[in-house]
Structures are given as C-alpha cells and as structure tokens.
Amino acid sequence: MAGTGFYTSCLSLSSSSNLGRCWLVLKTHNARTVPGKLPGRRRLTINAEVKFVNGEEAKELIAVDGYTVLDVRDRIQFERAHIKSCSHVPLFIENQDNDLGTIIKRTVHNNFSGLFFGLAFTKPNPDFIQSIKSQFPPESKLLVVCQEGLRSAAAASKLEEAGFINLACITSGLQTVKPGTFDSVGSTELQNAGKAGLVTIQGKISTVLGTVLICAYLFITFFPDQAEKLFQLVPAG
C-alpha cells in the first residue's frame, strides 16, 4: 500500500503586510496531489492612536520624547504667533480662485467673518499630505497644533490614514496654552493668535464701558450726596 505524506507551502509576506494564502498539499508516492486551502486570508494592520494632551504634556513630548511641532493653521494665524522652530504646513490655504461663485462667497465672507473675526477665506490644501511626506518619514513623532483643536484633529486623522503612526494633538488647541509654556514668535501670544477683526475692538470698548459703569455704581453707593449734586447739575431735557 502506497504511503502518504504531507507538507505545507505558504506564499511569502507581501510588502503591504498582508499574510499570504496557506495551502495544505497531500502528496502520494505516485505524485498525485490534492490541494486543500486553509481558512481565509488574514490581514495584518497597525492602528495608530492619536494622543490628545494639554499644553504642559505637549511641552514634555517635545523636550523628552523628541516630538516635532507641526502647525496646520492658515498663514495669517501662523504669522500672528507660532511656536519657535515649528514646521508649518496649512491644512487650509487662502482661496484666490476667480470664478464667479468663489468671488461671491469671498465677498460675503470678507464682509462678515473676515471683518468681525479677521478670518481668511480658505479652501482645503490639496498638497497637505504630500508636503508633509516630503519633510517627514511615517515613523516621525509629530505634535500637530492649531488654534482651537479642530483642524489639528482633522489633520492628524488624515496623517494617520497616510501611514503616520506617532501623532499627538493639543486638546482644544493653542488657545488653551498658558503664556510662557512655549517659546513663540510673532506679534501676540499663542493663545491670542485667533483673535482679530472688529471683535477685538468691541472687546476693548466693552471693557472700558464696564469699568466706567462699575466706577459710577461705586461712586453712587459710597458718595450718595456728591452723586445727587452731580445729577442736579445735569440740565433737564
């Protein structure tokens, strides 16, 4: 009776880390083969988890763990204030397109958000991922920052999909960072880089009016006789 032996033959791992199909081959002495496929194809994946940290923890990531700061804010906010020696690749860039629809949208934006909040009219940066890949390998440790934390989270998600595995963001962005936490460059503090336009003037006016009202209230409370005399000097209208 002819003996029967068996052996296994496996395809090698591909460059994309997918495990190949594994076949079980029964072989008799008369060279007849009977293939039998073992269950399914298995996929090996690496899931990167983005770290969300506060300002002090972010500072430690830079000083101790060697993270590089990647600022993804637009050009205007970056120029107002940014962390010294950081890299700048904006997630959104200024939209200078001149088609009719864009012109209308830009005009409306500049008369409202641009005027009151100093925000640029932007569009997604089509070269965002490619620009970062040209500067950093996928294993780079990147601390992604923006002003409020939304753009940095979105940027980290895109980078994760592109294969970057060591990512961190500051929760709620640079607006929550205490003064002096980072060495910065620019005309204002990091936490104030998102403030511009008429809202800043309105804030100053509100502060002055509030101070005047508080002083008037204290004066009337503690010096009622003098206050009454002042009221009598006001012409009746």
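The following dialogue examines how terms are applied to a predicted model of a protein chain.

Trainee: How many helices and strands does the protein chain have?

Mentor: The protein chain has eight helices and twelve strands. These are DSSP runs numbered from the N terminus: helices are H or I with at least four residues, and strands are E with at least two.

Trainee: Why is Arg73 called buried?

Mentor: Buried means under 20% relative accessible area, exposed means over 50%, and partly exposed lies in between, with a 1.4 Å probe and protein chains only. Arg73 has a relative accessible area of 0%, and therefore counts as buried. Asp71, at 1%, is buried as well. Of the 237 residues of the chain, 28% count as buried.

Trainee: What makes the pair of Arg73 and Asp71 a salt bridge?

Mentor: A salt bridge requires a side-chain nitrogen of Lys or Arg within 4 Å of a carboxyl oxygen of Asp or Glu. The closest N and O atoms of Arg73 and Asp71 are 2.7 Å apart, so the pair meets the definition. The whole structure has five salt bridges.

Trainee: Which salt bridges does Arg75 form?

Mentor: Arg75 forms one with Glu79, with the closest N and O atoms 3.2 Å apart, and one with Glu94, where that distance is 2.6 Å. Glu94 lies in strand S8 (residues 92–94) and Arg75 in helix H2, so this pair ties together parts that are 19 residues apart in sequence. Arg75 and Glu79, in contrast, both lie in helix H2 (residues 75–80), four residues apart, about one turn of the helix.

Trainee: What makes S4 an edge strand?

Mentor: Two strands pair if DSSP finds at least two bridges between them. Three bridges join S4 to strand S11 (residues 166–170), so these strands count as paired. Five strands form an open sheet in the order S4-S11-S10-S5-S7, with parallel pairing. Strand S4 (51–53) and strand S7 (87–88) are its edges, since each pairs on one side only.

Trainee: Which strands does H6 touch, and what angle does it make with S11?

Mentor: Helix H6 packs on the sheet, touching S4, S5, S10 and S11, and its direction makes about 170° with that of S11. A contact means heavy atoms within 4.5 Å. Axes are lines fitted to C-alpha atoms, for helices over the stretch in contact, and angles run from 0 to 180 degrees between N-to-C directions. Ala154 has its place in helix H6 (residues 150–161) and is partly exposed, with a relative accessible area of 34%.

Trainee: How does helix H1 lie relative to S4?

Mentor: Helix H1 (residues 55–63) runs at about 120° to S4 and lies across S4, strand S5 (68–71), strand S10 (141–145) and S11.

Terms used: Residues numbered from 1 in each chain as written. Predicted model: local features only at pLDDT ≥ 70, side-chain atom pairs only at ≥ 80, totals over all residues. Heavy atoms only, no water.
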